[in-house]
Structure formats: C-alpha cells, structure tokens
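Subject: Structure handover

Dear colleague,

Here is the structure I said I would pass on. My notes follow below it.

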Amino acid sequence: MAIETPNYPDHAGLGPLDSRMVDPERLSWTPTRFEGVDMKILMEDKETGLMTALFRWEPGAVLPFHEHVEIEQTYMLEGRLEDEQGSIGPGEYAWRPTGSRHVARAPEGALMLSIFHKPNQFLDAGD
C-alpha cells in the first residue's frame, strides 16, 4: 500500500481497509531542510503527494518563497503563521489555492496541522 504513516509499528499487519489510528505522541519530530521547521507525518501517499502532517516551527522560522502546486490547508494549534496577506493564530484555519505563492513566517513559533494534495514547489536555490 502506498498510503502509510511512516515508521508507525502498530499498522503492521492491518488489512487494506482497516482504519489507521495514529497517536502523534508516538511519532518523532523530523527536521525538514528549513532551519527551525520540524514535522510529524500522520499520513502520506508517496505516489500522489497527498500528505497530512503536524508542523512545529521555532520562533523566527521562515519557509522561503514557494508555490502551492495543489490546494494546501492549515489549522493552527499554537502560535502564529504569517505572510504578506495576513496571519492566522490558534483555532484559525487558512487554505491556499493551487498556484498561490508566498513566504511563510512564524515570528513567535507555531504548531499546525497541514494537509497537502501535492508537495510545495520551493522556488529558492535549494530545490
């Protein structure tokens, strides 16, 4: 099966139609290539790029200029995420249309749940 919660041992042996219960506390934070931004992948389909993940941003972390290849959704749990169009904080939600571009910042740090239909395309030199 292409859809999984990476490195989650309780899912071994489940049938293809069984529910996948995930306790995020049992997953490790994994650093991204962006300083101060870590994630826990809750569900990922490597074939299509669909992914649901928790992201933890340290205060001052920045996600450089990128494009949302498909719709991206974010629900804020803690802190604040901002860009040139505004900001969202705890209990707030934003979605970004296909093709939208921005630089995202977390001046005070942030914890968020994000859903991607396809991975972002980063337009900086590191991608």
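Threonine 52 lies in strand β4, residues 51-57 (strands are DSSP runs of E, at least two residues, numbered from the N terminus). Threonine 52 counts as buried, at 15% relative accessibility (buried is under 20% relative accessible area, exposed over 50%, partly exposed in between, with a 1.4 Å probe and protein chains only). Neighbours within four places in sequence aside, threonine 52 is in contact with Lys40, Ile41, Leu42, Met43, Leu113, Ser114 and Ile115 (contact means heavy atoms within 4.5 Å).

This is a predicted model, in which local features need pLDDT of at least 70, side-chain atom pairs count only at pLDDT 80 or more, and totals for chains, interfaces and linings use all residues. Residues are numbered from 1 along each chain as its sequence is written, and side-chain values use heavy atoms, without hydrogens and water.

The largest nonpolar core has 20 residues, and Phe55, Trp57, Leu81 and Met112 have the most contacts inside it (a core is a set of buried Ala, Val, Leu, Ile, Met, Phe, Trp, Tyr and Cys residues joined through side-chain atoms within 4.5 Å). At least two core residues come from each of β3 (37-45), β4, β5 (61-67), β10 (101-106) and β11 (110-116). The most come from β4, with 4 residues.

Not counting residues up to four places away in sequence, methionine 112 touches Ala53, Leu54, Phe55, Trp57, Thr74, Tyr75, Met76, Leu77 and Leu81. Of these, leucine 77 is found in strand β6 and is partly exposed, with a relative accessible area of 38%.

Regards
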